Amino acid sequence: MSTVTESVDVRVPIRAVYDQWTQFESFPQFMDGVESITQIDATHTRWVTKVAGVTREFDAEITEQHPDERVAWKSTGGDTKHAGVVTFHRLAQDETRVTIQLDWEPEGLVEKAGSAVGVDSHQVKADAKRFKEFIESRGNATGAWRGEVDRPDATS
């Protein structure tokens, strides 16, 4: 299992930052390698990614979601195993720290080699920077879902 953690400080209020993060279908606008995300229902998404020429599809389930605090998920089926959590920390009225932690299982030679030399860490850092630029340039979220989810033992 490979673990990557990255934080970025965003000059936007916590509510707008959190609200944007809940708009999973917007992720391809700032996450390199994410082709599409389809929101199936309040807690299920379908992802299509393409990294180093390899296309993967998988489903994910939101296992925990608390407005302005955290969103956690895990894959439930498909081509890849991963889990993650994003936390939101108010630094000031108009400044928020976003911390992203991803755990994933590299598959195949290319992914294992990439993980070994830190490609995944660089990718998460670049995606965090693009998220910062995306939300700061807008100043507000493209939408919001402020529901609560608390199913840490959720399974597919």
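Me: What is the pLDDT over residues 112-119, and how many contacts beyond four places in sequence does the model have there?
Reply: This is a predicted model. Over residues 112-119 pLDDT stays under 50, and the model has eight contacts beyond four places in sequence for them. Helix α2 (residues 108-116) has the lowest mean pLDDT among the elements, 49, while helix α1 (residues 14-21) has the highest, 96. The protein averages 85.

Me: Why is F30 called buried?
Reply: Buried requires a relative accessible area under 20%. F30 has 2%, so F30 is buried.

Me: Why is F131 called buried?
Reply: The same cut-off of under 20% applies. The relative accessible area of F131 is 1%, therefore F131 is buried.

Me: What makes the aromatic pair of F30 and F131 edge-to-face?
Reply: The centres are 5.0 Å apart, and ring centres must lie within 6.5 Å to pair. The planes are at 65 degrees; over 60 counts as edge-to-face, so the pair is given that name. F30 is in the loop between α1 and β2 and F131 in helix α3, 101 residues apart.

Me: Which residues do ring pairs link into a cluster?
Reply: W21, F24, F27, F30, W47, F58, F131 and F134. The whole structure has 10 aromatic pairs.

Key: Residues are numbered from 1 along each chain as its sequence is written. This is a predicted model: local features need pLDDT of at least 70, side-chain atom pairs count only at pLDDT 80 or more; totals for chains, interfaces and linings use all residues. Side-chain values use heavy atoms; hydrogens and water are left out. pLDDT is the predictor's confidence in each residue, from 0 to 100. Helices (H or I, at least four residues) and strands (E, at least two) are DSSP runs, numbered from the N terminus. Contact means heavy atoms within 4.5 Å. Rings of Phe, Tyr and Trp (its six-membered ring) pair if their centres lie within 6.5 Å; planes under 30 degrees apart count as stacked, over 60 as edge-to-face and the rest as tilted. Buried means under 20% relative accessible area, exposed over 50%, partly exposed in between (1.4 Å probe, protein chains only).
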